[in-house]
Amino acid sequence: MLHDSVLYLLPILSCPEEKIQTKLDDLNIRLDHSTKVVAKTPTLPLAGTLVSEEIQTLCSWGQVEFFPEEYIAYRDNPDDPLIYGVVLEELMSPDDNRIYLVNLGNGRDGVISSVSKLFKFMRK
């Protein structure tokens, strides 16, 4: 039975966090009530919160392409701190530059941004 569980791992890992339970339901995997469920705390930072200096070392500027639901760091002006954001979708500009609709939290969930204000998180 354990060797079969590996088959479920890839579909689950490819899901956004908020859709994992739905994917488990689709795969007919029942919820395990054998342990006490603790209140769920978010594992990803909220859009609009500051990016810590430790995490800023993972930010890369000048990336050309971002994907929907990808976490990004955003800075409107060079003197502003970096904040977390989530790409909602790519928009096409009249001059063929890449621009994105991003969620920056705190009620700013439809901000249109040029790629020059976005930073990609890179693994080191």
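The structure is a predicted model, in which local features need pLDDT of at least 70 and side-chain atom pairs count only at pLDDT 80 or more, while totals for chains, interfaces and linings use all residues. Residues are numbered from 1 along each chain as its sequence is written, and side-chain values use heavy atoms, with hydrogens and water left out.

**The chain as a whole**

Let's start with the overall layout. The protein chain has three helices and six strands, where helices (H or I, at least four residues) and strands (E, at least two) are DSSP runs numbered from the N terminus. Their order along the sequence is α-α-α-β-β-β-β-β-β.

The protein chain has 124 residues, and 25% of them count as buried; buried means under 20% relative accessible area, exposed over 50%, and partly exposed in between, with a 1.4 Å probe and protein chains only.

**Salt bridges**

Side chains of opposite charge can pair when their charged atoms come close. The whole structure holds four salt bridges, each defined as a side-chain nitrogen of Lys or Arg within 4 Å of a carboxyl oxygen of Asp or Glu. Among them are these:

| Salt bridge | N to O distance |
|---|---|
| Glu-65 and Arg-98 | 4.0 Å |
| Asp-76 and Lys-117 | 2.7 Å |
| Glu-90 and Arg-98 | 3.2 Å |

Take the pair of Glu-65 and Arg-98. This pair links distant parts of the chain, 33 residues apart: Glu-65 sits in the loop between strand 1 (59-61) and strand 2 (71-74), and Arg-98 in strand 4 (residues 98-103). Glu-65 is partly exposed at 37% relative accessibility, and Arg-98 is partly exposed at 30%.

Arg-98 also forms a salt bridge with Glu-90. Through shared partners, Glu-65, Glu-90 and Arg-98 join into one network. Glu-90 is partly exposed as well, with a relative accessible area of 31%.

Now for Asp-76 and Lys-117, which meet in a salt bridge. Asp-76 lies in the loop between strand 2 and strand 3 (83-92) and Lys-117 in the loop between strand 5 (111-114) and strand 6 (118-121), so the pair ties together parts 41 residues apart in sequence. Asp-76 is partly exposed at 35% relative accessible area, and Lys-117 is partly exposed at 26%.
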